[in-house]
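Please read it with the structure open beside you.

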Amino acid sequence: MIVVLKANPDPEQLENLTTWLTGQGITIHSSLGVNNLVLGLVGDTSVIDMDLVKSLDIVEDVKRIREPYKNANRKFHPDDMIVDVGGVKIGGGHFVIIAGPCSIETEAQMKEVALGVRDGGAALLRGGAFKPRTSPYAFQGLGGNGIDLLIKAKKASGLPVVTEIMEIGQLKYFEEVDMIQVGARNMQNFQLLKELGRVDRPILLKRGMANTIDELLMSAEYIMAGGNESVVLCERGIRTFETSTRNTLDISAIPVLKKKTHLPVIVDPSHAAGMAELVKPLALAATAAGADGLMIEVHNDPQHALCDGAQSLTPERFAEVAKAIFALRPFAMESAEMSQ
Ligand code: PEP
Ligand code: MN
């Protein structure tokens, strides 16, 4: 980090600033420019509040030369991270499709979908038991009972399972869950992220609908700083002025993230599109752009789904889409290598 001081800084304020910085373990290299004194800060500057330094009377400008995230930063971890989810690897060339319904509804529904997506090419099964719904009157999920049904489907299909947590008190239901999802609405629930940092289970962290790529990485950093390094990032569409789709899929987030971080990056075309017919083109685009996997909503009876039926594929349609994705994968790997 570089701090450019105004001309003729007040010596007492300068002394206060340098004492405060060195007290935080920072070494200061000062150099005198033509008009201004420049302080080069060396050490863990991620602990320094850049805006606070900028607001000081004697400070002209502050520039970060290194990102404020270390654990999630590819500069410190050049090799791709491979995350193991119940024996299924994601990242570092391992491409995975996660599929299943938005919400867990019944034992029969989960079993039918689980076997359908497994035979269609999914390696992990999803299903929501704790649902963050916009309306308090909408179906909120089956909670702990839903997770029991998910585990039954896991046993019937052999697929490891992913489901969303909304608050840490729910963790007691997650004993047999292989991957814990943090949804878009909780991406910046920092208390939850800190607590998941102490959990020995991979985390699927979805991008908030109005959050930047760097904010997503800072949220991953919260989990990793607590000791849990197994984080998979998920682009799921962001809010823009466009209303033709539920969200706007930020395809460029894939290569941008892959450059900034060694963590695997997957894409959820279902929540991005909001419409089943758009899932295939978005899934193909994400695959071509170098995603490490996809998360696709699948329901055995989309018309009667309790949540997100409009964007859900039937198991048959899912199998067709998965086939097209796997056919594209070898070419996608080649183009991802070429762009690095
Ligand atoms: C989900 O995956 O079920 C979900 C609620 O997605 P998001 O958090 O991305 O809206
Ligand atoms: Mn959904």
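Predicted model: local features only at pLDDT ≥ 70, side-chain atom pairs only at ≥ 80, totals over all residues.

1. The protein chain has 340 residues, and buried residues make up 49% of them. Its secondary structure comes to 10 helices and 14 strands. Along the principal axes, the C-alpha atoms fill a box of roughly 75 × 45 × 40 Å. Take contacts between residues at least 6 apart in sequence: 68% of them join residues at least 24 apart.

2. **Two domains.** The domain assignment gives domain 1 as residues 2-63 and domain 2 as residues 83-338. How many Å separate their centres? Taken over C-alpha atoms, the figure is 43 Å.

3. **The open sheet.** Four strands form an open sheet in the order S2-S3-S1-S4, and their pairing is antiparallel. S2 and S4 (59-63) stand at the edges. Each has a single partner strand, so one side of each is left without a neighbour in the sheet. On average, neighbouring strands here are turned by 20° against each other, direction ignored.

4. **Pairing around S3.** Strand S3 covers residues 37-42 and is joined to strand S1 (residues 2-5) by three bridges, with the two running antiparallel. Strand S2 (residues 27-32) is joined to S3 by six bridges, also antiparallel. A hairpin of four residues connects S2 to S3. Leu32 stands opposite Leu37 in S3. Which residue of S3 is the bridge partner of Ile2? The partner is Gly40. Gly40 is also the bridge partner of His29. Look at Gly40 from both sides: Ile2 is paired with it, and His29 is paired with it.

5. Helix H1 (residues 11-23) lies across S1, S2, S3 and S4. Its direction runs at about 10° to S3. The loop between S1 and H1 holds Asn8. Phi of Asn8 is near 50°, a positive value in a residue other than glycine. Is Asn8 buried or exposed? Asn8 counts as exposed, because its relative accessibility is 75%.

6. **The barrel.** Eight strands close into a barrel, in the order S7-S8-S9-S10-S11-S12-S13-S14, with parallel pairing. From one strand to the next, the twist averages 25°. Helix H4 (residues 143-157) packs on the sheet and touches strands S8 (124-126) and S9 (161-164). The direction of H4 makes about 165° with that of S9.

7. **The manganese site.** Which residues coordinate the manganese ion (ligand 2)? They are Cys102 through SG, His271 through NE2, Glu297 through OE and Asp308 through OD. The distances are 2.0 to 2.4 Å. In sequence, these donor residues are spaced C-x168-H-x25-E-x10-D. Cys102 and Asp308 link distant parts of the chain, 206 residues apart. Cys102 is in the loop between strand S7 (96-100) and helix H3 (107-120). Asp308 is in the loop between strand S14 (293-297) and helix H10 (315-338).

8. Cys102 is buried, with a relative accessible area of 2%. Asp308 is at 18% relative accessibility. Buried means under 20%, so Asp308 counts as buried too. Check the backbone of Asp308 as well. Phi there is positive, at about 55°, although Asp308 is not a glycine.

9. **Asn211.** This residue sits in the loop between strand S11 (203-206) and helix H6 (213-225). Its relative accessibility is 13%, so Asn211 counts as buried. What does Asn211 touch, leaving out residues up to four places away in sequence? It touches Met187, Gln188 and Ile238. With Gln188 there is also a polar contact: 3.3 Å joins the side chains of Asn211 and Gln188.

How values were computed. Residues numbered from 1 in each chain as written. Chains lettered and ligands numbered in written order. Heavy atoms only, no water. Domains from an automatic or database assignment. Pairing = 2+ DSSP bridges. Axes fitted to C-alpha atoms, helices over the stretch in contact; angles between N-to-C directions. Contact = heavy atoms within 4.5 Å. Donors = N, O, S within 2.8 Å, 3.2 Å for Na, K, Ca; no water. Buried < 20%, exposed > 50% of the residue type's maximum accessible area, 1.4 Å probe, protein only. Polar contact = N/O pair within 3.5 Å; in protein donor to acceptor, adjacent residues only side chain to side chain.
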